Structures are given as structure tokens and as C-alpha cells.
Amino acid sequence: MSDGYLVVLCTCPDRDTAVRIAQRLVDERQAACVNVVPGLLSIYAWEGTRHQDEEVLLVIKTREEVFQAVQDTVRTLHPYELPEIIAVEIKDGLRPYLDWIAGAVTRP
């Protein structure tokens, strides 16, 4: 059933950054919905060292045709040198929900 719908995952250093990015994505119609999920503990390797940080996860619902715009917006507003921006294709879903995403996201 895939019609180019995506879930994009992005971790942020704090709630304020996450909310700022989420609001911009929705306001610019690059995303239909962005969930801001606090309480994430990230353990990762960066520049040869293991790090452990509290982060906030963004779960962005969007369309494939605006993914580049989503990336550009996140990179502009995100403080990390290398922000996590991972798109996962939505293979199937409740048709009315997917239709809502389609109507809420502006094609480029």
C-alpha cells in the first residue's frame, strides 16, 4: 500500500530544540504530525569515545517527496554537527490516517 509515506526519526539534545523543530515542520507543512518523546537515553560511539546522553526523540510523519525539505529544516535548526535523520518507509497503515498525512503535507 506504500504511497511514499515516511516516518522520520531524529534525536534532539533537549525539549526546546525538539519543539522548535517540530513546530517548524508542521507550520511549513513538511510534516502532518511530529511526536516529541522525552526520556530517551542514547548510548553511542562518537569520535572514538562512548557517550551517554539524555535526548528527546522526534517521530515525524511525512511524505517521501518532501523528505529533502525535512532534512534541510532539521539541519538548519539542529545544534548537532551530525544530527540523526533516518527515514523509514510506511509500508501500510490505516487509509484515512495516511490520507490525512497526504492532505496535511504540501508537495514541493
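Hi everyone. Let me begin with a definition: helices (H or I, at least four residues) and strands (E, at least two) are DSSP runs, and they are numbered from the N terminus. Now, this is a predicted model, in which local features need pLDDT of at least 70 and side-chain atom pairs count only at pLDDT 80 or more, while totals for chains, interfaces and linings use all residues. Residues are numbered from 1 along each chain as its sequence is written, and side-chain values use heavy atoms, with hydrogens and water left out.

Let's start in helix H3, residues 95-104. Aspartate 99 and arginine 95 are four residues apart there, so about one helical turn separates them. Their side chains form a salt bridge at 3.2 Å, N to O; the term stands for a side-chain nitrogen of Lys or Arg within 4 Å of a carboxyl oxygen of Asp or Glu.

How many salt bridges does that rule give? The count is three. Another joins glutamate 28 to arginine 24, with 3.7 Å between the closest N and O atoms. Glutamate 65 and arginine 63 also pair up, at 3.8 Å from N to O.

Is arginine 63 buried or exposed? Here buried means under 20% relative accessible area, exposed over 50%, and partly exposed in between (1.4 Å probe, protein chains only). Arginine 63 has 5% relative accessibility, so arginine 63 counts as buried.

Now over to the largest pocket, with about 290 Å³ of space. On a 1 Å grid over the protein atoms alone, a pocket is an open set of points where a 1.4 Å probe fits, with protein on both sides within 12 Å along at least five of seven lines; lining residues have an atom within 4 Å of a point. Strands S2 (33-46) and S3 (49-63) are the elements that give two or more residues to this lining, and S2 gives the most, with four.

Tyr44, Trp46 and Leu82 are among the lining residues. These three also form a nonpolar patch on the surface, with about 290 Å² of accessible area together. Patch members have over 30% relative accessible area and no salt bridge; nonpolar side chains (Val, Leu, Ile, Met, Phe, Trp, Tyr) are joined within 5 Å, like charges within 9 Å.

Where is leucine 82? Leucine 82 lies in the loop between helix H2 (67-77) and strand S4 (86-89). Its relative accessibility is 57%, so leucine 82 counts as exposed.

Note on methods. Areas by Shrake-Rupley, 256 points an atom, 1.4 Å probe, with all protein chains shown as cover. Points joined across faces, edges and corners; volume = space filled by probe spheres on them.
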